[in-house]
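Subject: The model, and what turned up in it

Hi,

Here is the structure I promised to hand over. Have a look at it first, then read my notes below.

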Amino acid sequence: MQEMTLRLRQIKIVPVIAIEEARDIIPLGHALADNGLPVAEITFRTGSAAEAISLLKAERPDMLVGAGTVLHREHVRQAKAAGAEFVVSPGFNPNTVQACQKIGIPIIPGVNNASTIEQALGSGIDFVKFFPAEPSGGIAMIKALLAPYPQLQVMPTGGISVKNIRDYLAIPQIVACGGSWMIKPQLIRDKEWEKIGELVREAVELVHA
């Protein structure tokens, strides 16, 4: 987990992907990694997630590939079998957390208040997803929550864009930000790989400026 966290801190952005056709993950993965984002969170919002994870890991073993929107034990099983290296959930579900810990796959559970943070810490987890970031109070809320829990490491997701990502990343406890503005579903449907590559490059340049 520590090595993965360090790598995410270096990359700074985690693309959150909803993929409808699994085979599209190959050119999409190249568009991400070749332009500076060797990481992908492929969400179980579609039925193609597990296949896409497997295809991407085979095609780009250099990429850090995780499963997102993991809601229950079956998702955990599918993610692990497909080769996911980490799991992200929108909320804190003790059953999902226990399933991940049992098979040894890191989980970044979603929190947005002190109660869910307490649950995460009580389960031995200090790297959490703050979701949905902007609707939950954004930077001000994160700073307020970090006051009593300074040991947290955070990945805000939800409402992150070029307009605010640098402000989020300025907070030391923020490891990386989840985002999808550079990989909107319509761009994927239209197979706009060059356009996606341009947006990825712009995002990478922005956070490393």
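Predicted model: local features only at pLDDT ≥ 70, side-chain atom pairs only at ≥ 80, totals over all residues.

Let me start on the inside. The largest cavity has a volume of about 40 Å³. By cavity I mean a set of points, on a 1 Å grid over the protein atoms alone, where a 1.4 Å probe fits but cannot get out. The volume is the space filled by probe spheres set on the points, with grid points joined across faces, edges and corners. The structure holds 1 cavity of 30 Å³ or more.

Residues are numbered from 1 along each chain as its sequence is written, and side-chain values use heavy atoms, with hydrogens and water left out.

Back to the cavity. Its lining residues (those with an atom within 4 Å of a point) are Val111, Ile117, Val128, Phe130, Ile142, Leu145, Leu146, Leu152 and Val154. By class that makes 9 nonpolar, no polar and no charged residues. For the classes, Ala, Val, Leu, Ile, Met, Phe, Trp, Tyr, Cys and Pro count as nonpolar, Asp, Glu, Lys and Arg as charged, and the others, Gly among them, as polar. Helix α7 (138-146) and strand β7 each supply at least two lining residues, and the largest share, 3 residues, comes from α7. Helices (H or I, at least four residues) and strands (E, at least two) are DSSP runs, numbered from the N terminus.

Buried means under 20% relative accessible area, exposed means over 50%, and partly exposed is in between (1.4 Å probe, protein chains only). β7 pairs with strand β6 (residues 110-111) in the parallel sense over 2 bridges; two strands pair if DSSP finds at least two bridges between them. Valine 111 stands opposite phenylalanine 130 in β7, and both residues are in the cavity lining.

Now the pockets. A pocket is an open set of points with protein on both sides within 12 Å along at least five of seven lines. The largest pocket has a volume of about 330 Å³. Of the 21 residues that line the largest pocket, Val16, Arg45, Phe131, Thr157 and Ser180 are the closest to its centre. Strands β1 (13-17), β2 (39-43) and β9 (177-179) each supply at least two residues of that lining, which divides into 9 nonpolar, 8 polar and 4 charged.

The second largest pocket holds about 190 Å³ of space. Among the residues lining this second pocket are Met1, Gln2, Pro106, Phe127 and Gln153, and the classes there are 6 nonpolar, 5 polar and 1 charged.

Next, helix α2 (residues 25-33). How many of its 9 residues are buried? The count is 7, so α2 is mostly covered by the rest. The buried ones are Ile25, Ile26, Leu28, Gly29, Ala31, Leu32 and Ala33. What covers them includes β1, β2, α3 (49-59), α9 (185-189) and α10 (193-207). In the loop between α2 and β2 sits asparagine 35, which counts as buried at 17% relative accessibility. Leaving aside neighbours within four places in sequence, asparagine 35 is in contact (heavy atoms within 4.5 Å) with His30, Gly197, Val200, Arg201 and Val204.

Last, the charges. The structure holds 7 salt bridges, a salt bridge being a side-chain nitrogen of Lys or Arg within 4 Å of a carboxyl oxygen of Asp or Glu. Here are three of them:

- Arginine 23 and glutamate 21 meet at 2.7 Å, N to O. Arginine 23 is exposed at 59% relative accessibility, while glutamate 21 is partly exposed at 34%.
- Arginine 77 and glutamate 74 also meet at 2.7 Å, N to O. They are 3 residues apart in helix α4 (residues 73-82), so about one helical turn separates them. Arginine 77 is partly exposed at 47%, and glutamate 74 is partly exposed at 34%. Elsewhere, salt bridges that share partners join Asp34, Arg60 and Asp62 into one network.
- Aspartate 62 and arginine 60 meet at 2.9 Å, N to O. Aspartate 62 is partly exposed at 38%, whereas arginine 60 is buried at 12%.

Cheers
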